[in-house]
Amino acid sequence: MTFEEVKHILKTKTVGIAGCGGLGSNCAVALARVGIGRLVVADFDLVEEGNLNRQFYFYDQIGMLKVSALKQNLFRINPDVRVNTFDIRLCQSDIIEIFSKCDVIVEAFDKPEMKYMILDAVHNYMPEKFLVMGVGMAGWGGNNLIHSRQSDKLIICGDEKNAISEKCPPLAPRVGIVANMQANAVMEILLGTNEHQIHTEHQ
Amino acid sequence: MKIILNNKEEVFDAPQFTVNELLQAKKFTFKMLVIKVNGQLIKKSDYSSALINDGDDVMVLHLISGG
């Protein structure tokens, strides 16, 4: 497929991104660059100086709502991408409502409880949707530990090992790798070449 | 029984397990666990009753912080 053909398909697609921190902001940027049609992004947080070691924001955006700053940055990269922003702390009913029209959902939360909440919501209320999660990306090095795996329509990207702690902070390289793996998995799904789609087609 | 656990084949003496028995056998003691059996998400309240049989595909996922 040429890039023109890829863009032709992607511009008709909508991706939901739950959380606009390190995973969400970088994943959104990758999808905007390849020409996704619409992004639905949700986060309640403000940009802080401490976020700039990994999140796709700029020094002069400190204090802004992350969803507003992200929309600004995405527009500067690709003004054709439509961005719907939700400045809220997502609960399960919000997730079901906000992301119900999305073709794929990207989980980009920080806390494991939130990760569980969206996984539970998607499995129980939107089982037809693909969910792409990021699990384990703190620290540095260990390129070989980062992987992805899949169970039906659930895709996990990360090392599934390194949680955040004082001695194991989340930093740009590993967070960026996992965020871009998520975007890569999203592209595969939207272009119809995910293993689950191929498998179901042949049945 | 022979099952697929996290994409790897594993053999157990028992012919059948509950989810809890599998977690004990594998010494999985993490707090935020997700268990899927043949693609179906198993609720925490069902861990003592949901069964794992020969040939099942089991995903055990440990949710950790970072995002």
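User: Which residues have the most contacts inside the largest nonpolar core, and how many residues has that core?

Analyst: In this predicted model, the core has 73 residues. A:I17, A:L39 and A:V186 have the most contacts inside it.

User: What makes a set of residues a nonpolar core?

Analyst: Its members must be buried residues of the listed nonpolar types, joined through C-beta atoms within 7 Å. The set of 73 is the largest such core here.

User: Which element gives the largest share of this core?

Analyst: That is α6(A), with 10 residues.

User: What does A:V186 touch?

Analyst: Leaving out residues up to four places away in sequence, A:V186 touches A:V15, A:L31, A:V104, A:V106 and A:V132. Contact here requires C-beta atoms within 7 Å.

User: Where does A:K167 lie?

Analyst: In the loop between β7 (154-158) and α6 (172-190) of chain A. Its C-alpha is 9.6 Å from that of A:A138, a residue 29 places away along the chain.

User: Why is A:D120 called partly exposed?

Analyst: A buried residue needs 20 or more other C-beta atoms within 10 Å, and an exposed one has 12 or fewer. A:D120 has 16, so the label is partly exposed.

User: Where is A:D120, and what separates its C-alpha from that of A:Q92?

Analyst: A:D120 is in helix α5 (residues 112-125) of chain A.

User: How do you know what span to expect for helix α3 of chain A?

Analyst: The expected span is 1.5 Å times one less than the number of residues. Helix α3 (residues 66-77) has 12 residues, and 16 Å is expected. From first C-alpha to last it reaches 16 Å, close to that expectation.

User: Which residues of α3(A) are buried, and what covers them?

Analyst: The buried ones are A:K66, A:V67, A:A69, A:L70, A:K71 and A:L74. Their cover includes α2 (22-33), β2 (38-42) and β3 (82-86) of chain A.

User: How many residues does each chain give to the contact between A and B?

Analyst: Chain B gives 14 residues and chain A gives 26. On the side of chain B, β4 (33-37) and β7 (57-62) each give two or more.

Methods
Residues are numbered from 1 along each chain as its sequence is written. Chains are lettered from A and ligands numbered from 1 in the order in which they are written. This is a predicted model: local features need pLDDT of at least 70, side-chain atom pairs count only at pLDDT 80 or more; totals for chains, interfaces and linings use all residues. Helices (H or I, at least four residues) and strands (E, at least two) are DSSP runs, numbered from the N terminus. Two residues are in contact if their C-beta atoms, placed from the backbone, lie within 7 Å.
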